[in-house]
Amino acid sequence: MASTQGDSSRPGTTGQAAERLAAGTGAPPVPAGEVPGGRALPKTDKSEQTRALILETAMRLFQENGYDRTTMRAIAKEAGVSVGNAYYYFSAKEFLIQGFYDRMTYEHAADARKRMAGNRDFAERLEIALNSWLDTAAPYHEFAAQFFRTAADPTSSLSPFSNESHPARATAVELFREVLQGSELAPKLDAELVELLPDVLWLHLMVVVLYWVFDRTPDTERTREFVRRSTPTAARLINLSRYRVFRPIVRDAKGLIQDFILPTIGKTAVK
């Protein structure tokens with residue numbers, strides 16, 4: 001099975017990410033006319049650069065001082081902008097984290113698509129997509145646990161299941177749709193299952209993320225090993241679903257997903 005652990009396309013530092021944002025090459029897609037936080041979409045290159053600067057400054061201060069101890073005033077001062085200007089781009093501190101989620105999810109999707117190009121094996125495509133996330137998230141691992149404490153609160157807008165997280169989640173689910181539909185396996189599966197699987201594969205990523213947050217091995221080696229060993233198992237189970245003898249189990253599984261899992265995931269972004 002193909003391994004992507006040493007891929008040379010691994011993202012660089014958070015500073016490099018900000019430069020890509022400022023240059024207009026790394027900004028995540030957002031609803032027309034809006035950015036996360038309900039503010040108007042900046043109309044000029046300078047505005048985009050200011051927004052990227054505020055976001056990058058916040059990420060650095062969160063890493064240095066912790067999320068709770070970093071205020072919007074401190075972020076604005078360090079970025080060299082007024083407090084009012086900072087609130088123009090991000091209406092509350094948590095929307096800085098939403099901006100971070102959106103940016104990282106966009107970078108992950110772009111990186112995974114490059115790595116998967118020309119590969120039709122479903123298991124390998126899935127492993128590539130998961131390893132791509134680990135590589136994209138690697139620069140932020142040091143302070144990820146700070147965010148998880150807030151994101152784990154089901155009432156928090158930072159939860160990956162919240163309405164506010166819908167844009168980033170939709171980007172990730174669409175990537176997993178491409179993982180499946182670009183493989184040789186998709187035409188062999190039940191059409192209804194094909195429709196549900198992208199959400200299920202995103203939930204599998206959430207399990208990987210949870211493990212990654214608490215992984216303190218060098219280069220998160222245990223998480224990478226978890227991906228390497230769990231991905232073939234997941235692929236085999238999905239592959240078995242196309243056989244008639246497993247259809248009753250597949251129908252039961254689809255019912256559980258539709259009735260109990262998907263309804264808990266927010267579908268629209270809060271304005």
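**Figure 1. Leu240 and the nonpolar surface patch around it.** Leu240 counts as partly exposed because its relative accessibility is 34%; partly exposed denotes the range between buried, under 20% relative accessible area, and exposed, over 50%, with a 1.4 Å probe and protein chains only. The model is predicted, so local features require pLDDT of at least 70 and side-chain atom pairs count only at pLDDT 80 or more, whereas totals for chains, interfaces and linings use all residues. Residues are numbered from 1 along each chain as its sequence is written, and side-chain values use heavy atoms, with hydrogens and water left out. Leu240 belongs to helix H10 (residues 221-240); helices (H or I, at least four residues) and strands (E, at least two) are DSSP runs numbered from the N terminus. Together with Leu237, Tyr243 and Val245, Leu240 makes a nonpolar surface patch of about 400 Å². Patches consist of residues with over 30% relative accessible area and no salt bridge, with like charges joined within 9 Å and nonpolar side chains (Val, Leu, Ile, Met, Phe, Trp, Tyr) within 5 Å. Accessible areas come from the Shrake-Rupley method with a 1.4 Å probe, and for residues only the protein chains shown count as cover.

**Figure 2. The salt bridge between Glu178 and Arg113.** A salt bridge is a side-chain nitrogen of Lys or Arg within 4 Å of a carboxyl oxygen of Asp or Glu, and the count by this rule comes to 11. The side chains of Glu178 and Arg113 meet with an N to O distance of 2.7 Å. This pair links distant parts of the chain, as Glu178 lies in helix H8 (residues 166-181) and Arg113 in helix H5 (residues 94-116), 65 residues apart. Glu178 is partly exposed, with a relative accessible area of 25%, and Arg113 is also partly exposed, at 34%.

**Figure 3. Asp135 and its salt-bridge network.** Asp135 forms a salt bridge with Arg115, their closest N and O atoms being 2.9 Å apart. Asp135 is in helix H6 (residues 122-137) and Arg115 in helix H5, 20 residues apart, and the pair links distant parts of the chain. Asp135 and Arg115 are both buried. Asp135 also forms a salt bridge with Arg224, with 2.8 Å between the closest N and O atoms. Arg224 lies in helix H10, so its pairing with Asp135 in helix H6 ties together parts that are 89 residues apart in sequence. Arg224, like Asp135, is buried. Through shared partners, salt bridges join Asp111, Arg115, Asp135, Asp219 and Arg224 into one network.

**Figure 4. The loop between H9 and H10, with Asp219 and Thr220.** Asp219 is located in this loop and has a positive phi of about 55° although it is not a glycine. Its relative accessibility of 37% places Asp219 in the partly exposed class. Thr220 occupies the loop between H9 and H10 as well; it is not a glycine, yet its phi is positive, at about 45°. Thr220 counts as buried because its relative accessibility is 7%.

**Figure 5. Phe122 and the largest nonpolar core.** A nonpolar core is a set of buried Ala, Val, Leu, Ile, Met, Phe, Trp, Tyr and Cys residues joined through side-chain atoms within 4.5 Å. The largest core has 64 residues, and Phe62, Leu96, Phe122 and Phe176 have the most contacts inside it. Helix H9 (residues 191-213) contributes the largest share of this core, 12 residues. Leaving aside residues up to four places away in sequence, Phe122 touches Val179, Leu180, Ser183, Glu184, Leu185, Leu201, Ala235 and Ile238; contact means heavy atoms within 4.5 Å.

**Figure 6. Helix H2 and Gly66 just after it.** Helix H2 (residues 45-65) has 21 residues and reaches 30 Å from its first C-alpha to its last, close to the 30 Å expected at 1.5 Å a residue. The expected span is 1.5 Å times one less than the number of residues. An α-helix has 3.6 residues a turn, so residues three or four places apart point the same way. The buried residues of H2 include Ser47, Thr50, Arg51, Ile54, Leu55, Ala58, Leu61 and Phe62.
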